[in-house]
Amino acid sequence: MIRIVETLVKTKLQSTKLGDAMVAIPRIICGLLLAFDFGSSKFGVPWSSNDLPFLGIPEWFVQDVATFGGIFALTPYFFAWIAAASETIGGLMLALGLKTRVASFLIMSTMFGAIFLQQWGNGMWNMLPAAGFLWVSMHSLAMGSGRFGFDYIIAKVVQRKRLIHTPIDQITPSIPKVLSIILIAASTLGTHSAIAQERTIKISVDMNQVTEVNTVGVKGSISPLSSDKVFPLSDENKDGIYEAEITFNTPARYVRFKFVNGNEIELEGSDRRILWFKDEIVSKAYVFNEFQYYSADQISGLAYTENQIKEDIEVLRKTIEYIHPAVYKYRDSIDLQQDFEVLEKEMIAQPNVVNVFKSVSKFAAKIKCSHTFTNPWNQGPDIKQAIFHQPDKLPLTFKRIGKRLFIDKNASENNSVMRGDEILSINGVETNVILTTLAQYVTSDGNNYEKKLERLSLTGNEKFSLFDIFYPIEFGSTDEFQLTLKSFQTKEAFQETVKAISKTNRTKKLSERYPDVETSLRDGWNFSILNDKTGILSINSFAVQRNEFNWKQLIDEAFEELNNKAIPNLIIDIRENEGGQGEVGEYILERIMKTSFKAPAMKSSVRYLSIPEQFKKYISTWAKFPYDFNGKIDSIDGDSYVLKEKYSVAGKTYKPKKNGYKGKVFLLTSAANSSATHLMAAYAKQMNDVTLVGQETGGNQLGTNGSFIFFLRLPNSRIEIDIPVINMYVPPVSGEAKDAGIKPHIYVEKNWEDLANGVDTELQAVLELIGK
């Protein structure tokens, strides 16, 4: 037995020092990456850039591990801690060549879990980092540290014998001993909240507004709830209220869940509910398919003192001025000072949660940066219940031409409101006035005003609609809407009343009445062959960072089908796509280009060198990279630091793929396109392989800000503001206005008749071009 264990932990030498060095390089690099990036991002160590306690792990990682099911769901904290410690501490040991085989074994086990339990099904690209670490750890498990590691040095000092004869008990603790130490640490370290505890909740759901009630239950994130099986609820007294008492044994601080009625899962297109645990039993009542919301009295009670408001503004001021890379690009320091003075007066005059959110949103929009805003995705429960979840939303969707609005879908009970009817006014206010007023709360890059208006469109596919959010804030929350409409059929004006509705209820009704309503990212990715001459690839978002589906496989299969069927024309539709991950656009362009294209080098700059400690309690982000730019700066340009080329996007040369598409390509664009889709349109226009059709994009040729985002949480109001880190400037397309978007080769103007008849104007224009 001793011989077997010795074989596992001893190191083997190559025939030359150069050979040992070649073996050590990948081991050291992978170890450092694990210890100082992949592992430390989710493990509390001195070099972490997060706010975790020492040797602590984040709640999201525990929840992520719990979704693996089986034994992982029973003790998710234990397995999450082991994985994070294996990557961070094990990675450091791997880099140092210290107890190399033990560290390799732990890393190898963790990477198997990452590949087969987390990334399996997301494509090889997403599995690649874990696969790389797996290969290196397996090699190190077999070979040990080699000559360039502490295992070798310790062996030479302790034994003064050939390394192959070094006894295990003098050099390296046995694997069982090391595992025992880690198991004991995992069970004893961490805060009180990280220890599994018995938690009990009593939940009920009101089903009285549901037309057909079937088997009622709940699905959730923590055992005994699961995403696969329904935990039953019962209605013992037949009052339409279904109830259950559920006990958890978990270290988690909250549970996520949704109620189920037969095969119907509530809150389609929305996040799951969250219920926070307490030491005592938590009781909560809900209404099926409706989020809870505050009453007017509760909103009035959510007010802040003058000192609290001033503290929030001071935190916002210091953070914006220190971090934002283009805070003075469109406004000078005097303008910004005046903006802060107006913000303070507005917030103090009406210090409740709704007005404070309104004022901060308006302030953020003045910076003229599309990535600086009160991000609806990141707001806390007070904002959601005071604004987002209120049943004061318009029960319609509409399309826009300029500052005119036209009804598209109807979720109300009023059948007199028809598709194609123009909305002349809402509650006595003309629509052009409404859009002009609401635009002051909406962000865009520079002076691209069309982008502001486009972001006020209401399609029914949005998780959060800016029209839904800011119309009630500006014009008042209401139970019903008085509409003045103009009939498409008769061209006569008439009036109708529709009842207000919640966003979740509107989504439910739209899904029932219109099968094309999107409720997930995958719904917005579609490919089809229109006829023997034309295929169309529609992508409504590049936000693929959550790995919800294998997007590369979808694209590859689309091009494979196009080539196999020799389809001569391809239409790529990104009109509803605001951006996301730039690699999606690059991936597509590389498969449609006919000749190589050298992209202009992007100049990337930041405003600071490192983040002071005083800011870290208010901001967070997903990586440690933007916390410190020391050593990453190439030059100083005024009040900005220009990043070295390796940290920026250099002038990359894109080359056609051998199996790329050889036919004609048309790219449909609109004012919705910004960030990554604006850049895709800019590259496509310069490639000469693509014809742009539609309207000017919503980005700006003077550059955009982003790459990394800090999430600033104000200390008292708890409002979140996104603040971008890096200013990215790409030389503008020659001959076009700089403070504007990318103009298409063929401009297509939207028209009322096509909207009313359900005709896709831009698509029809392309099909006519193809037919000529």
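Biologist: Which loop does Pro224 lie in?

Modeller: Heads-up, this is a predicted model: local features need pLDDT of at least 70, side-chain atom pairs count only at pLDDT 80 or more, and totals for chains, interfaces and linings use all residues. Numbering starts from 1 along each chain as its sequence is written, and side-chain values use heavy atoms, with hydrogens and water left out. Strands (E, at least two residues) and helices (H or I, at least four) are DSSP runs, numbered from the N terminus. Pro224 lies in the loop between strand S2 (216-220) and strand S3 (231-232).

Biologist: What is omega for the peptide bond from Ser223 to Pro224?

Modeller: Most peptide bonds are trans. The one from Ser223 to Pro224 is cis, with omega near 15 degrees.

Biologist: And what is phi of Lys238?

Modeller: Lys238 is found in the loop between S3 and strand S4 (241-250). Most residues other than glycine have a negative phi. Lys238 has a positive phi, near 60 degrees.

Biologist: Are H21 and H23 roughly parallel or roughly antiparallel?

Modeller: Helix H21 (residues 582-589) and helix H23 (residues 675-687) pack with their axes 8 Å apart, at an angle of about 25 degrees. Axes are lines fitted to C-alpha atoms over the stretch in contact, with angles from 0 to 180 degrees between N-to-C directions. Angles under 35 degrees count as roughly parallel, over 145 as roughly antiparallel, 65 to 115 as roughly perpendicular and the rest as oblique. H21 and H23 are therefore roughly parallel.

Biologist: Which H23 residues meet H21?

Modeller: Contact means heavy atoms within 4.5 Å. From H21 come Gly582, Gly585, Ile588 and Leu589, and in H23 they meet Ala676, Met680, Tyr683, Ala684 and Met687.
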